[in-house]
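Here's a quick tour of a few spots worth a look.

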Amino acid sequence: MSLELKNVEKKIGIETHIYPTSIKLEKNTINVLLGSTLAGKTTLMQIMAGLDKPTSGEIWFNGENVTGKQVQKRNVSMVYQQFINYPSFTVFENIASPLKITGVNSDEIKERVGKVAELLKLSAMLNKKPDELSGGQQQRTALARALVKDSDLILLDEPLANLDFKLREELREELPKLFEDRECIVVYATTEPSDALMIGGNTATILEGKIIQYGKTLDVYNKPENLTSAKVFSDPPMNIAEISKSGDTCKLTDNSVQWKSNVKIKDGNYKIGIRPHNITTYKEGNNTVEINGKVLISELSGSESLIHFTNGSLNWVSLSNGIQQKNIGENTKLFMNVDEFLYFDENNRLVNHG
Amino acid sequence: MNKTINQKAWFFVVPVFVLVAFNAAIPLMTVVNYSFQETFGNNVFAWEGTRWFKQILLSERFHDALGRQIAFTFIILLIQIPLGIGIALTMPKKGWGVPVCLILMSMPLLIPWNVVGAMWNIFALPDIGFLGYSLNAIGFDFNFTQQPGDAWFTTILMDVWHWTSLVVLLSYAGLNSIQPAYYQAAEIDGASRWATFRYIELPKMKKVLTLAILLRFMDSFMIYTEPFVLTGGGPGNATAFLSIDLVKMALGQFDLGPAAAMSLIYFFIVLLVCWVFYSLMMKNEVKS
């Protein structure tokens, strides 16, 4: 089982929504589409499902060309950001609806709905209407409807975006388990890098209608092919600075910070990308370099402290563990973990591959 | 906590009291006054108790008018609600067609009621009206000024023409508030067009449709101007709905007592139906 997009392009009028894209998703994988709002995630999913036709290019499923095949004839299910259920049906009827339409007998429906409802902790609510449920339960019902069908392709379009924080965390933990023993391809769209990391599987970083990079989630995170992919897969945003390297000495172009590095790249000018959690108020890792800065904003969340600071010409974001109380305008010393720096060449390609 | 005593508040409340008193309470009480008394002019009144109410409630004339009124309201609801939903479903959802359709739809609603009556009167005249003449030309014996059936047909057609737009606009607003994801979900399920309508669109339109039915019920139950101009209640009493009959009694025959009693009965019927409807609506609301 596999889903392959071959040179798929989508234009609406003169506007290009998806630039020619090729990607192959293998069976029993969870694939995260990671990108900001309007990056083209939803369009891409609708093309995958057959809800929308590509302007050019082909979609192949299991070695069959399914471009233009109606969505009803494909075995697909989809869960949306909004909680989409039939308003006048009970939870049971909602979950059973895709089975009823395909003519499954009522005993089997009962059994399958029961199973899925238990999996999603909906057993006690089967006789309620969607309006009587909390947001989390409504979305669970929508998920159950998607799962009960044994689809070949399950598309989840930001399913957790409308839930409040607690429910989100809870459902996010359960999601990967739900798909564990299923013979299907799962595609999960999200704007949050942390979602991708938590779900694992594969990740495609997307920006402005283009897939920037596709691979195992951790690989994409640890070794972004280029600066764009690294930026998409970083929240809070990645710090980027221009540096020059000569011998084993690297320094920021404004000479404010200097460090020794053993990366094997030619001397010259580069850009470095530093994830916020690699700049901390305490030393972390074997190889750190100090940076002096003036605090601009400091946000405490309890378990983490986000400190924005400036060292003159550049603004930086740092993320430290615990509560690190800093006052605005205070001069402070922070430590950057040199081993975690990502170096990019003039074409913004990553040059220090592990 | 100490409350500040401020008599200035009266300054804001009194105008409302006066306004409500003059435009609702006092006129209504006058009617109540008439309904329990007999008057011979010159401000001479004689107490009659509930006589007029008994007389109206037992009179065949009132029963007939009420029967005609219920039949009329029932028929126009039966036509306008499904027709309105149907038109709303076929209206475009985006593009230049939207403003065009919306403007066309609001046109009948903007025309003054007696103009609508006059328009249809001329339109349906068998000798010079386009509708009347055409119907006769293709072989129907159509004359709304003389045949009760034709008068009903014309009155209903006029009301449908005038008011279906309201149902259309309300339904259209209801339909537009349904997120596209619902239609996609139905498509993925393989739901038929009918199932999509029955299980997604209709439940999602429930609130606006309840409102549409309530508005159309009230308006049609109190209809006066248009049939008055169109048929004047005739031929005979064929299209004399409650309000037309009421005016005939009050101003034509100058039977102020019975007319006042009839007004109150009429008022309570409308109030009762609206109250029942509203509480049913609210009951569903609380349940969900």
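Predicted model: local features only at pLDDT ≥ 70, side-chain atom pairs only at ≥ 80, totals over all residues.

## Ground rules

## A proline in a loop

Let's start with A:Pro237, which sits in the loop of chain A that runs between α8 (227–232) and β11 (239–246). Is this proline buried or exposed? A:Pro237 has 10 other C-beta atoms within 10 Å, so it counts as exposed, given that the cut-off for exposed is 12 or fewer.

Leaving aside residues up to four places away in sequence, A:Pro237 touches A:Lys231 and A:Val317. As for A:Pro159, it lies 78 residues from A:Pro237 along the chain, and the two C-alpha atoms are 23 Å apart.

## Two domains in chain A

Chain A splits into domain 1, covering 2–232, and domain 2, covering 239–344. Taken over C-alpha atoms, the centres of these two domains of chain A are 37 Å apart.

## A helix pair: α2 and α3 of chain A

Two packed helices are described by the angle between their axes and the distance between the axes. For α2 (residues 91–101) and α3 (residues 106–119) of chain A, the angle is about 125 degrees and the axes are 10 Å apart. That angle makes α2(A) oblique to α3(A), and the crossing of the two is right-handed.

Who meets whom? From α2(A) come A:Phe92, A:Ile95, A:Ala96, A:Leu99 and A:Lys100, and they meet A:Ile109, A:Arg112, A:Val113, A:Val116 and A:Ala117 of α3(A). Sorted by class, this contact of α2(A) with α3(A) has eight nonpolar residues, two charged and no polar.

## Where chain B meets chain A

Now for the chain-to-chain contact: 15 residues of chain B touch 19 residues of chain A. On the chain B side, the elements giving two or more residues are α8 (180–189) and α9 (193–221) of chain B.

Which element gives the most to that side of chain B? The answer is α8(B), with seven residues. By class, the side of chain B that touches chain A has eight nonpolar, four polar and three charged residues.

Note on methods. Residues numbered from 1 in each chain as written. Chains lettered and ligands numbered in written order. Helix = DSSP H or I, 4+ residues; strand = E, 2+ residues; numbered from the N terminus. Buried ≥ 20, exposed ≤ 12 C-beta atoms within 10 Å, placed from the backbone. Contact = placed C-beta atoms within 7 Å. Domains from an automatic or database assignment. Axes fitted to C-alpha atoms, helices over the stretch in contact; angles between N-to-C directions. Parallel < 35°, antiparallel > 145°, perpendicular 65-115°, else oblique. Left-handed = near helix turned anticlockwise from the far one by under 90°. Nonpolar A, V, L, I, M, F, W, Y, C, P; charged D, E, K, R; others polar.
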